[in-house]
Amino acid sequence: DRPLPEGPDGDSSAVIGMVLADLDGDGRSELIDTTPAGWVAYRLEDDRLKRIDSAEIPGMRHAIPFQGDALAGPALVAVGEDGGLGIWPPGPGRLGFLSLAFSGMEEAGKSMRSNASAIGTRVGIRVGAGWSQRESYRSYSGPGQSLQPTVIGLGGAQRADYIAIDWSDGVFQSELDLEPG
């Protein structure tokens, strides 16, 4: 188990947010804790959280992944107490990512309207014998709903073999052989 960071008064209630994101492209989510002292990223290994990266930012308010480059994967954006932004771009050694932007559609002739923001859409991606699953629901413990693309690491593969999309209105869709990006 990992210890929680201590707040200014010595207690362990200083975590102000948590977010799940695939930071390295392996298809598995890492956990990012944000505290008033900075952020810390953890990977689950052997039923324990292993610290993999961190940054000290005194007075930090939030840190969330930002999908700016579909091939390189997410950057981390943090907001400090002065309102300034800090950005940690994707680092070297990451595996390829697939970025999926879902949006519902409207067919006036059929009196049909899908969820325009695609909130609640689920996707399963098969690469070789492995599967990764994501939902378009927010993965951050704070308020709001992100409309950023759903980003999934391909674990070093040249493409995703199969993608199964379960739209929030019950429609199923599949795609084959999607390349990173």
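**View 1. Val123 faces Arg134 of strand β12.** This close-up comes from a predicted model, in which local features need pLDDT of at least 70, side-chain atom pairs count only at pLDDT 80 or more, and totals for chains, interfaces and linings use all residues. Residues are numbered from 1 along each chain as its sequence is written, and side-chain values use heavy atoms, with hydrogens and water left out. Strand β11 (residues 122–127) joins β12 through 6 bridges in the antiparallel sense. Strands here are DSSP runs (E, at least two residues), numbered from the N terminus, and two of them pair if DSSP finds at least two bridges between them.

**View 2. An open sheet of 4 strands runs in the order β12-β11-β14-β15.** The pairing is antiparallel. Because β12 (130–135) and β15 (172–178) each have a single partner strand, they stand at the edges, with one side of each left without a neighbour in the sheet. From one strand to the next, the twist averages 15° (axes are lines fitted to C-alpha atoms, with angles from 0 to 180 degrees between N-to-C directions).

**View 3. Tyr162 sits in strand β14.** With 28% relative accessibility, Tyr162 is partly exposed (buried is under 20% relative accessible area, exposed over 50%, partly exposed in between, using a 1.4 Å probe and protein chains only). Leaving aside residues up to four places away in sequence, Tyr162 touches Gly124, Ile125, Arg126, Trp131, Ser174, Glu175 and Leu176; contact means heavy atoms within 4.5 Å. Gly128 is 34 residues from Tyr162 in sequence, and their C-alpha atoms are 9.2 Å apart.
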